[in-house]
Amino acid sequence: MSDERELYKQAMGRIDELIEEVFQICDDVADTNHYEKDWVLDRFREKFNKARREST
């Protein structure tokens, strides 16, 4: 496997880990504050998208 393909594979693996971390943090926030998990994920998505638009 080429170095470029290996780097891509590693990057995608890390992205999968980040997704799991975000889901866990959102679950923890929902549980701690007695919020609906879907509501927390939706608010996170909104804020993430806004921050992404503002950073470019």
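Start the tour by selecting E17: at 45% relative accessibility, E17 counts as partly exposed. Here, buried means under 20% relative accessible area, exposed means over 50%, and partly exposed lies in between (1.4 Å probe, protein chains only).

The model is predicted, so local features need pLDDT of at least 70, side-chain atom pairs count only at pLDDT 80 or more, and totals for chains, interfaces and linings use all residues. Residues are numbered from 1 along each chain as its sequence is written, and side-chain values use heavy atoms, with hydrogens and water left out.

**Stop 1**

A salt bridge is a side-chain nitrogen of Lys or Arg within 4 Å of a carboxyl oxygen of Asp or Glu. Side chains of opposite charge can pair when their charged atoms come close. Both E17 and R14 lie in helix α1, 3 residues apart, about one turn of the helix. Helices (H or I, at least four residues) are DSSP runs, numbered from the N terminus. R14 counts as partly exposed, at 37% relative accessibility.

**Stop 2: E21**

E21 forms a salt bridge with R14, and the closest N and O atoms are 2.9 Å apart. E21 is partly exposed, with 37% relative accessibility.

**Stop 3: helix α2**

Move to E46 and R43. Both lie in helix α2 (residues 37-55), 3 residues apart, about one turn of the helix. E46 and R43 form a salt bridge, with the closest N and O atoms 2.8 Å apart. E46 is partly exposed at 47% relative accessibility. R43 is partly exposed at 28%.

Go back to the earlier stops for a moment. Salt bridges that share partners join R14, E17 and E21 into one network. By this rule, the count comes to 5 salt bridges.

**Stop 4: a nonpolar patch**

Select Y8, M12, I15, L18, I19 and F23. They make a nonpolar surface patch of about 540 Å². Patches are made of residues with over 30% relative accessible area and no salt bridge; like charges are joined within 9 Å, and nonpolar side chains (Val, Leu, Ile, Met, Phe, Trp, Tyr) within 5 Å. Areas come from the Shrake-Rupley method with a 1.4 Å probe; for residues, only the protein chains shown count as cover.

Finish on Y8. Y8 lies in helix α1 (residues 3-33). Y8 is exposed, with a relative accessible area of 55%.

Key: Helices (H or I, at least four residues) and strands (E, at least two) are DSSP runs, numbered from the N terminus.
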